[in-house]
Amino acid sequence: MGNKIKIISVVGARPNFMKVAPLHRIFQQMTDKINHLLCHTGQHYDYEMSQAFFQDLGLPEPNFYLGAGSGSHAEQTGKIMIEFEKICTQTKPDLVIVVGDVNSTIAATLTATKMGILTAHIEAGLRSFDRSMPEEINRIATDSICDFYFVTEQSGIDNLLREGHNPEKIFFVGNTMIDSLVYILDKIEKSNILSILGLESNKFALMTLHRPSNVDDPNQLASLIEVFEFICNQIRLVFPIHPRTRKNIELFGFKNKLENIKNLIITEPLGYIDFVKLMKNSRFVMTDSGGIQEETTYLKIPCITMRTTTERPITCQIGTNRLVPPEKSRLIQAVQDVLYGSPKDSQIPKFWDGKAAERIVDIILQIFGKEN
């Protein structure tokens with residue numbers, strides 16, 4: 001191996017792959033300086049984690065697969081730590097890169113840090129200030145012990161400084177999620193998802209829904225279904241349905257009601273390219289996800305986020321995102337505003353330009369004294 005920097009990137013859920021892929025593509029051009037290994041914890045044994053998904057992102061099959069599977073937060077985190085420790089013992093990496101805010105993120109950070117291995121967090125400093133969200137605990141805990149912070153937006157810097165982190169370890173680099181989006185934009189031309197679903201550009205809305213706070217409570221889910229009915233009276237609505245959401249819709253006895261909504265198109269979870277194609281051609285997107293708030297801002301598509309808090313405030317401040325508490329009357333008002341009001345002025349945030357990974361790699365080379 002000589003003096004190569006050995007780096008392990010840890011991914012646990014689908015968005016993590018999108019955040020790591022741009023880094024991997026650059027690392028592959030630097031095999032004289034960097035040996036990059038990919039560890040998939042298997043936290044989400046993902047429905048759309050097919051070979052095609054990796055090819056779309058320019059990613060190889062992971063070098064390590066930990067098979068953590070589902071389970072409680074403690075079970076999942078513990079299982080990942082036990083298995084990841086073995087990988088670190090075997091490979092002795094110089095740096096572990098973690099991304100986002102899933103259980104894999106904190107599990108790998110805890111393991112590596114305790115073994116004296118340097119860790120870097122991509123998407124550091126994001127805060128929703130809502131500790132009832134498991135992701136918020138993961139973000140705070142990861143940032144409290146890792147070594148380097150790669151930040152996507154100004155709020156991340158502000159939060160890290162307020163929490164007392166060393167400013168010399170904080171790097172404002174932009175958003176690798178947007179790097180992946182930019183990378184596949186020309187590929188979406190080959191997607192025929194619009195014709196498969198019989199859709200015309202700008203004449204449908206797109207929705208994703210998976211957060212426990214929205215789908216685990218029958219009353220909340222019932223009121224959201226009434227919002228879908230309202231939307232479907234105005235415009236067609238495409239709903240790629242998350243396994244958890246589908247399970248609860250059946251459990252609570254809402255399946256028939258949903259199937260009888262005219263203009264509602266329910267699909268299986270979609271691959272990345274098809275999903276971006278729909279997002280880019282939609283009239284607006286309604287979601288409770290994190291990353292979609294960023295992607296819609298870059299694509300300049302209106303987004304209604306069905307949550308009371310967001311860890312990505314820049315998407316609301318200058319982007320296309322509207323944060324709307326998931327209450328029926330408020331959501332209906334927001335839909336009317338988007339459909340019939342004047343469009344929100346929006347800008348693409350600083351460094352969301354498809355080059356975040358290049359900045360990160362330059363900084364890693366400097367950290368290890370191997371300037372480009």
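Lys19, Asp101, Glu123, Glu136, Arg139, Glu294, Arg307, Glu311 and Arg312 are linked in a network of salt bridges (a side-chain nitrogen of Lys or Arg within 4 Å of a carboxyl oxygen of Asp or Glu). This is a predicted model, where local features need pLDDT of at least 70, side-chain atom pairs count only at pLDDT 80 or more, and totals for chains, interfaces and linings use all residues. Residues are numbered from 1 along each chain as its sequence is written, and side-chain values use heavy atoms, with hydrogens and water left out.

**Around strand E5**
- Four of the five residues in E5 (residues 118–122) are buried, that is, under 20% relative accessible area with a 1.4 Å probe, protein chains only; exposed is over 50% and partly exposed is in between.
- E5 runs parallel to E4 (residues 95–99), with five bridges joining them, and Leu95 has Leu118 as its bridge partner.
- On the other pairing, three bridges join E5 to the parallel strand E6 (residues 148–151), and Ile122 stands opposite Phe150.

**Salt bridges**
- The whole structure has 20 of them.
- Lys19 and Glu123 meet at 3.0 Å, N to O; Lys19 sits in helix H1 (residues 14–27) and Glu123 in the loop between E5 and H5, 104 residues apart.
- Lys19 counts as buried at 5% relative accessibility, and Glu123 does at 2%.
- Lys257 pairs with Glu229, with the closest N and O atoms 4.0 Å apart.
- Lys257 is partly exposed at 37%, and Glu229 is partly exposed at 28%.
- Arg359 and Asp353 meet at 2.4 Å, N to O, and Asp353 is partly exposed at 32%.

Technical notes. Helices (H or I, at least four residues) and strands (E, at least two) are DSSP runs, numbered from the N terminus. Two strands pair if DSSP finds at least two bridges between them.
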